Every structure is written in structure tokens, then in C-alpha cells.
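I want to go through the ligand site first, then the pockets, then the charged pairs.

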Amino acid sequence: MSKTDTPDPKQERDQRTTWPLELGSDDLRRMVDAAMERVVAHLESLPQQPLSYTTGGEELARSLREDKLPEEATPFTDLLATVFDQGLQKTYNTPSPGYLAYIPGGGLLHAAVADLIANAINRYVGVWVAAPGLVELEANVIRWFCQMVGYPESSLGVLTSGGSLANFTAIVTARRNRLGDDFLRGTLYCSDQVHHSITKAAMLAGFPENNIRQVPSDRLQRIQIEALKTQIDGDRQAGMEPFLVVGSAGTVNTGAVDDFEALADVAREQRLWLHTDGAYGGFFALTDRGRETMLGLEMADSITLDPHKGLFLPYGTGCLLVRDKVALQKAHHLEADYMPEMQQVPDLVDFCELSPELSRDFRGLRVWLPLKMHGISVFREALDEKLDLAAWACEELRAIEHMEIVAEPQLSILAFRLEPPGLDDGAIDELNRELLRRINDRQRVFLTATTLEGRFVIRICVLSFRTHLDRMRQALEDIREAVREVLAA
Ligand SMILES: *Cc1c(COP(=O)(O)O)cnc(C)c1O
């Protein structure tokens, strides 16, 4: 074979006019249409889909394992089938209106459209100079949240991927501002009800687990202020450096809200950074009742919010607010030769100077779009509805014989258990385990349990924009029937 007969792949490539990675307009439209068809069909059947159908999950996972990088192309519709017909099986149905478990999944669809736009335009939003207009849209969101919690002009914050990263950023910020480089004697304080992401964040921030002090909580699952003070004093006497106290604006267990005014007093007297974890409950500050329950929220030095909980957005949207933006900057500012010089225009924002992230998605759009489209009153009303539904469920449960309300709703979480006479604690726990199983077996709602003071309790968390009175009525029907069954058994 002569040399000229051999096709030269490089030459062939250089003569090409179409490139597979560059979708044409028609290809893009076809892809979006095909995807949308599956999405719409899925969402239309969502309210009827079972709540948890996880049997066979292990086998499913293994059946989808692919050990080799794909060499061959696969048609898009086949891939959609993989995602929708296989991947979407055996899941907890977190976006269902009946999902009343740990924290419901929500997922406003506006955010999906916003993400499509954000990813299609794919601008860099780490420094304002790279996309001044888009960065400002995201900065608006942060400033609205600051306003919502009652923060002053000096405040700012960042959108994170979730509450855990927000809590982590808060603890690093407190550490950098309150302790020196040699910080291993620094101690942190939280209640025994605090979310475990705080402990994890403290460990990631370099603190030994022993430096995290879990202070007992009271009858309403709020941190005990006197016990907190005693612990701090004791630690100081032992040569430790108390620097941070964490309050909860709605614990994950029972939605308990700490006494922020008392916490702020302690923080001031003891010169501690006060961080408030409002990942579950923070957005109830939009409602009158929530505001009243969370009196003094604005006294915290930093506050975690989770738009993917209280604003009903899809997973991947958290937020940290800091009362003094200089503190946030002090913890994250660095310079590098290859970075554009930070512009230091006081009213514009370089997000990479305020967060551990440099390159990231334009997540602000997914919050900005629904807030602008509807206005905040629609969200306020939806959150008010959740407070009403939790209160309604509490009264309905109270009317069931032998039902004990273990935690009344402070926000939209409540906890209860059945306590028929003549059974010891162990038997009651077992009875309630069975009760929970029977409620969930009906597949119309999904509830989870927790342990409070050593007792197994069932909890309800109402926080989906899709959950309304009709589903709550079903929940109560299923609970009442399951109660009849376990008492008869
Ligand atoms: C959900 C939650 C977290 C963790 O947030 P993620 O978004 O899941 O990382 C932290 N604290 C509280 C109170 C929560 O409810």
C-alpha cells in the first residue's frame, strides 16, 4: 500500500465542518424536548407514585455498574431511559407531597429552568469583573436574605451547595476571627440537639472532637443557658479558649428554636462568636409567627440558611450570611499571580474572596428567578401554610386515644408516640416502630423517627411546597388506621 492510500486522520479532522461536541440549535432543541417529555410525564405522576420503594436497591445499583469508559456512542433517548426507567427506581420519593420525613425535598421547577440557562450561558461568577450583571443578580439574593433576617448594611454572605458547607464556612470564619493560628485550645459550644454537620464542620476546621461541647437541652429541646455558662467558665479555668457558640433556628429532630436573646447575652459576655444554624427553620423568618418564634435571630454573627429546604429549591442550594462581611473576607482572602487583581469596589462583590470556592456554578439564578417571578409573598404564604398544617396535624394527633405529643410544633416539625397503659418503655418503643412501619407501608406518606431522651418517637416534618391539607388528611387517616391495627394486634 502506498503512502497516499492511507487516510490521514489529522488531515481528515482538519477538513471537518461539524464537530460532535458542538450541538447545533436543532440538536439542542430536540434534546431539551425529549428530556422535557420525560420530565413532564414523571412529574405528572409524582403525587400517585409510592413514597419509598427501596427493596432491590442493591441489585439495581449493581446492574447499572459500568467498569469501562464508554467507547461507543449511545442514542440520547436510550440514556433518558436509563435515568428514568432504571436510575429513578428504588428511591425515597423526596419531592412527593407525602414526603414528611427528615427534611422534604421540594424542588421548584423554576430552578431547573434557571439551571438550564445558567449552564448554557456558562459565565464565570467568582469575581464581579468577569460578569458584573450576573454577579449582581446573585448579590441581590444574598442582600435580600440579609434583610430578611434583620442584618445591617455591613452584612453579606455566600450561596453554598448546602447547609453543611455553610456551617463549615461559618466555623472557619469564626476560627480565623477569634483564634490565632495556634487554635487547638479553642472550644465550641452547641446543644445536644444540634445537627451533626456542626460537629463535622468543627472536625474539618481542625478541632479535635473533644473540643466540641454538647450542652444539655431543656424540656423544649433548647440549649440550657445556665449549663452553657457553667461549661464555658469551667473550660476557661482549665486553660481552654472558648470562641464559638452555635444556636439552632429549628433543630432537625423536633424543630426546636433556641433562645437567641439569651444566647446573644452569653456570647457578648464571654466574647464568643454566635453562629445560628437555620438550615431547616431560617426561612420561617419570612412569616409573622416564625419571626416571633425566632426573636433575636439577627443577633448572631453568622446564620446558615438552606434555600433547598425552606425556599423549596432543588438540592444544591445553601447559604451563609455573616453580619460583618469583613470577617468573612478575612477568613477567605488570598492573592495569586494568575488571578485578576480583586477590584475592591466597595459595593460590588468578588464571591471567591468570601468562600472556599473559586470556580462554581451560577447558583444565584436558581434563587433569583423564582423569587422575582412570584414575589416574596407567595413564599411567605406557602411557609405560613406549612405552620398551619403542622399545627393542624398536632391537634388531630392529640385527639387520638393514648397518643402523646412529645414535641409540639415550634415551627413545622412535631414528634409523637403512642403510649397505651400497661407497657414498659421497651414495649412502647417496639409498638411505635411497628406503628411507623404500618403508616409507611400504605405508601401515601413517609414519616421517620428519632430518639428523644432515650425514647423512640415518630416525627412529621411539613416543608414541601407540594404538601397541602388533602395530603395531611391522608397522613392522619393512615396514622389512625395504623394505630387501630397495632392496638388490636
Ligand atoms: C439539613 C440541615 C443541615 C445540613 O444541611 P445540608 O444542606 O443537608 O448540608 C444542617 N443543620 C440543620 C438544622 C439541618 O436541618
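This is a predicted model: local features need pLDDT of at least 70, side-chain atom pairs count only at pLDDT 80 or more; totals for chains, interfaces and linings use all residues.

Entry 1: Which atoms of Gly-163 come up against the ligand? For Gly-163 I found a backbone N or O atom, 2.7 Å from an oxygen atom of the ligand. With Asp-277 the side chain takes part: one of its N or O atoms is 2.6 Å from a nitrogen atom of the ligand. Asp-306 puts a polar side-chain atom 2.6 Å from a ligand oxygen atom.

I also looked up how much of the ligand is covered. Taken alone, the ligand exposes 380 Å², and the protein buries 86% of that.

**Entry 2: largest pocket.** Next I checked for empty space in the protein. Rolling a probe the size of a water molecule over the atoms shows where such space is left. The largest pocket comes out at a volume of about 760 Å³. I count 23 residues in its lining, with Val-39, Leu-43, Leu-109, Ala-112 and Val-113 nearest the centre. Helix 2 (25-45) and helix 5 (109-121) are the elements that give two or more residues to this lining. Helix 2 gives the most, with seven residues. By class, I have 17 nonpolar, five polar and one charged residues in the lining of the largest pocket.

**Entry 3: salt bridges.** Side chains of opposite charge can pair when their charged atoms come close. The structure holds 35 salt bridges. I picked one to look at: the side chains of Lys-229 and Glu-226 meet at 3.5 Å, N to O. Why do Lys-229 and Glu-226 sit about one helical turn apart? Because they are three residues apart in helix 9 (residues 225-237).

How values were computed:
Residues are numbered from 1 along each chain as its sequence is written. Side-chain values use heavy atoms; hydrogens and water are left out. A polar contact is a pair of N or O atoms within 3.5 Å; within protein, one must be able to donate a hydrogen and the other to accept it, and residues adjacent in sequence count only if both atoms are side-chain atoms. Accessible areas come from the Shrake-Rupley method with a 1.4 Å probe; for residues, only the protein chains shown count as cover. On a 1 Å grid over the protein atoms alone, a cavity is a set of points where a 1.4 Å probe fits but cannot get out, and a pocket is an open set with protein on both sides within 12 Å along at least five of seven lines; lining residues have an atom within 4 Å of a point. Grid points are joined across faces, edges and corners, and a volume is the space filled by probe spheres set on the points. Helices (H or I, at least four residues) and strands (E, at least two) are DSSP runs, numbered from the N terminus. Ala, Val, Leu, Ile, Met, Phe, Trp, Tyr, Cys and Pro count as nonpolar, Asp, Glu, Lys and Arg as charged, and the others, Gly among them, as polar. A salt bridge is a side-chain nitrogen of Lys or Arg within 4 Å of a carboxyl oxygen of Asp or Glu.
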